[in-house]
Amino acid sequence: MSPFLFWFFALLMLGFGVSVVINRNPVASALSLVASFLCLAALFVGLNAFFIAVIQVLVYAGAVMVLFLFIIMLLDLRAEQRRRFNLVALGGGTLVTLGLVAELASVLNRFPLGRNPFPPLQGSAVDDVREVGMTLFSTHNLPFQITGVLILVATIGVVVLSKRELN
Amino acid sequence: MPHIFAPLTLEIIVLILGVFLLLAESLAKSGDRSWMGRWGVAVLAIVFGWSFFTTGDSGSVFYSADSTALFFKRIALLSTIGILVMALEFQTVLQRFIPGDGKGSGTGEFFALPVFTCAGLMFMASAIDFLLIFVALELSTISFYILVAYMRRQNASLEAGVKYLILGALGTGFLVYGITWVFGLTGETQLARIAQALPLQLAPGGRLHGSETAILFAVGLLLVALGFKVAAAPFQLWVPDVYQGAPTPVTAFLSVGSKAAGFIVLLRVLEPFVSQPVLGPKLVGILNVLAILSLAYGSLAALPQDNLKRLLAYSSIGHAGYLLVSLASLNPAAPDFAGATRTIGFYLVGYLLMTLLAFLVLTIVSSQSRGDDIAHFNGLSKRSPFLAFAMVVAMASLAGIPLTVGFYGKFMVFSAAVAAQKFLLVGIGIVSVAAGFYFYFRVIAAMFWREPGEQSPVVVSGLSKLAVATLVAGILLLGIFPGPVLNSIKVRNEPATASLR
């Protein structure tokens with residue numbers, strides 16, 4: 001992946017991420033999150049991980065975010081009141097963030113796997129969707145089939161818990 | 001070769017039963033749904049019998065059919081049978097709190113869902129790969145979410161459902177995160193291959209040498225998730241409210257089935273990690289802390305409770321503590337997982353019998369007295385001497401009186417702790433046993449020395465009478481002759497056929 005594209009999408013993703021937090025309108029926040037997910041998908045494409053990129057768009061940008069939007073619209077949330085910044089809270093939050101970063105840095109530094117560069121990936125770069133399908137239906141068939149039962153149970157649950165009163 | 005006594009047959013029959021019940025329910029005329037419960041009890045009893053003839057291996061890397069797995073599958077089957085019997089008694093209460101027009105309307109899924117939960121618990125008993133562990137655990141947990149919130153006209157049940165859903169989802173998050181860490185570090189999801197790979201990778205020059213912290217972090221995440229599942233402190237915050245709000249049969253299922261399956265997964269997951277000399281002492285230390293917290297919290301917080309379901313919820317935390325004592329008594333230099341499995345397996349059988357009995361009596365009494373406080377048991381000895389006697393046996397066994405199965409289970413746990421010279425654990429254990437005597441005997445005192453609020457005798461159906469009598473007999477028999485159950489869990493990681501001969 002060309003460094004230019006990486007920096008472009010990475011910065012765009014971070015920008016949209018910040019806008020999720022800053023925006024006072026929940027719908028705008030949710031849409032920024034969608035945009036951030038799309039940029040992340042572009043990064044995956046750049047790494048030749050097409051399957052993960054597609055799943056990222058379908059599952060996160062598609063299903064999960066549509067659900068978010070539905071809920072926001074159902075709850076009829078208005079734009080939040082603009083609050084004045086509380087200096088103590090702001091300072092405390094910054095301190096906690098800095099502490100967490102320092103802690104993570106010290107842990108990662110002490111942990112050799114985190115210091116050494118990861119070896120380049122090998123194996124099938126071609127057609128990873130096919131690989132995933134083959135794995136699901138051959139070696140990993142048992143967990144896959146149980147997932148089917150799991151989804152059946154979840155469907156029953158939705159019907160049981162949400163059906164209207166019958167009177 | 002697949003044949004009718006292959007190990008997976010058990011789960012397949014249970015799943016077919018679940019789908020059959022759902023389909024039959026939708027095709028049947030509206031009306032009473034008790035037949036679903038009776039069908040479930042009958043087929044699960046057949047599967048229970050079938051499990052004694054299971055032979056061979058599954059040939060799958062995800063699924064183990066060793067005797068331990070079969071043993072814990074039988075616990076899952078027995079608890080589901082007990083829960084279905086309880087659900088039959090519970091119908092009148094259930095009907096009041098669900099929307100529906102007429103008798104039996106809307107109760108069908110209450111009999112079908114436990115069957116799916118049972119399949120999930122059975123898969124958990126056999127899971128030896130993190131993928132199957134995750135899928136099986138989710139199958140049982142998701143059906144529990146639905147069952148807990150089933151009485152959706154009652155606020156307590158809905159509140160319990162929401163609490164369980166949110167904290168359960170958080171627990172699942174910890175589990176998945178832990179699994180990804182383990183996979184990222186070792187490159188494996190199969191427990192057997194992790195056990196092979198870890199010593200090499202941890203040795204000087206191996207790729208994980210010096211990264212013990214990362215592995216401890218991963219196992220810590222897994223312990224949080226499984227601690228949630230078995231209701232161990234400090235992951236117990238959900239327990240009292242969920243146990244009290246859920247429909248009583250579901251509470252019993254949560255406390256028996258969920259705990260048993262959680263412990264077999266905990267045993268299997270911990271084994272490769274505790275066996276490593278650099279990790280073992282630290283992990284055993286963590287287990288020590290969990291055991292002490294669960295024992296102390298479970299027994300001390302149970303003292304002031306007036307609601308019997310809430311009392312049993314705290315008692316469930318306390319029993320998770322006793323079970324953890326046997327894990328905390330493992331010697332990290334040479335961990336005896338076979339011995340710990342045996343102790344935990346036996347304790348769980350006892351716990352199954354006494355908890356099911358207590359909840360069965362509670363279901364019968366509360367559906368006829370309209371409440372599940374200890375006060376509703378006042379004078380039960382006059383209203384139904386049979387139930388009062390059964391409850392005395394259940395409470396005595398939960399407290400750990402000699403000649404009951406509860407005593408023998410606690411005895412095994414404490415003798416393991418004494419052998420490991422964990423005297424702090426033993427001391428706290430004895431304090432919590434003493435506290436247990438107080439709060440379990442309050443129930444007995446209410447039944448015999450208080451005047452009944454209502455005079456009407458408590459009616460018990462034939463099936464429930466049979467179930468109560470069986471459970472009482474089981475508690476007393478296993479308290480005197482624990483041998484048969486103990487011998488059936490002697491062998492570990494051997495094909496099931498070995499234990500049959």
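At roughly what angle do the axes of helix 1 and helix 2 of chain B cross? In this predicted model, helix 1 (residues 8-27) and helix 2 (residues 34-50) of chain B have axes that come within 10 Å and cross at roughly 170°. Angles over 145 degrees count as roughly antiparallel, so that is how helix 1 of chain B runs relative to helix 2 of chain B.

Who touches whom here? On the helix 1 side of chain B you'll find B:L10, B:I13, B:V14, B:L17, B:L21 and B:E25, and they meet B:M36, B:W39, B:G40, B:V43, B:V47 and B:W50 of helix 2. By residue class, this helix 1 to helix 2 contact of chain B splits into 10 nonpolar, 1 polar and 1 charged.

Now for the chain pairing. Chain A puts 21 residues in contact with 30 residues of chain B. On the chain A side, helix 5 (112-115) and helix 7 (141-162) each supply at least two residues, and helix 7 of chain A gives the most, with 12 residues. That side of chain A divides into 15 nonpolar, 4 polar and 2 charged residues.

How far to trust it? The model scores ipTM 0.88 and pTM 0.88. Chain B averages a pLDDT of 89, with 97% of its residues scoring at least 70.

| Element of chain B | Mean pLDDT |
|---|---|
| helix 5 (residues 130-148), highest | 94 |
| helix 20 (residues 496-500), lowest | 36 |

Over residues 492-501 of chain B, pLDDT stays under 50, and the model has 21 contacts beyond four places in sequence for that stretch.

Terms used. Residues are numbered from 1 along each chain as its sequence is written. Chains are lettered from A and ligands numbered from 1 in the order in which they are written. This is a predicted model: local features need pLDDT of at least 70, side-chain atom pairs count only at pLDDT 80 or more; totals for chains, interfaces and linings use all residues. Axes are lines fitted to C-alpha atoms, for helices over the stretch in contact, and angles run from 0 to 180 degrees between N-to-C directions. Helices (H or I, at least four residues) and strands (E, at least two) are DSSP runs, numbered from the N terminus. Angles under 35 degrees count as roughly parallel, over 145 as roughly antiparallel, 65 to 115 as roughly perpendicular and the rest as oblique. Two residues are in contact if their C-beta atoms, placed from the backbone, lie within 7 Å. Ala, Val, Leu, Ile, Met, Phe, Trp, Tyr, Cys and Pro count as nonpolar, Asp, Glu, Lys and Arg as charged, and the others, Gly among them, as polar. pLDDT is the predictor's confidence in each residue, from 0 to 100.
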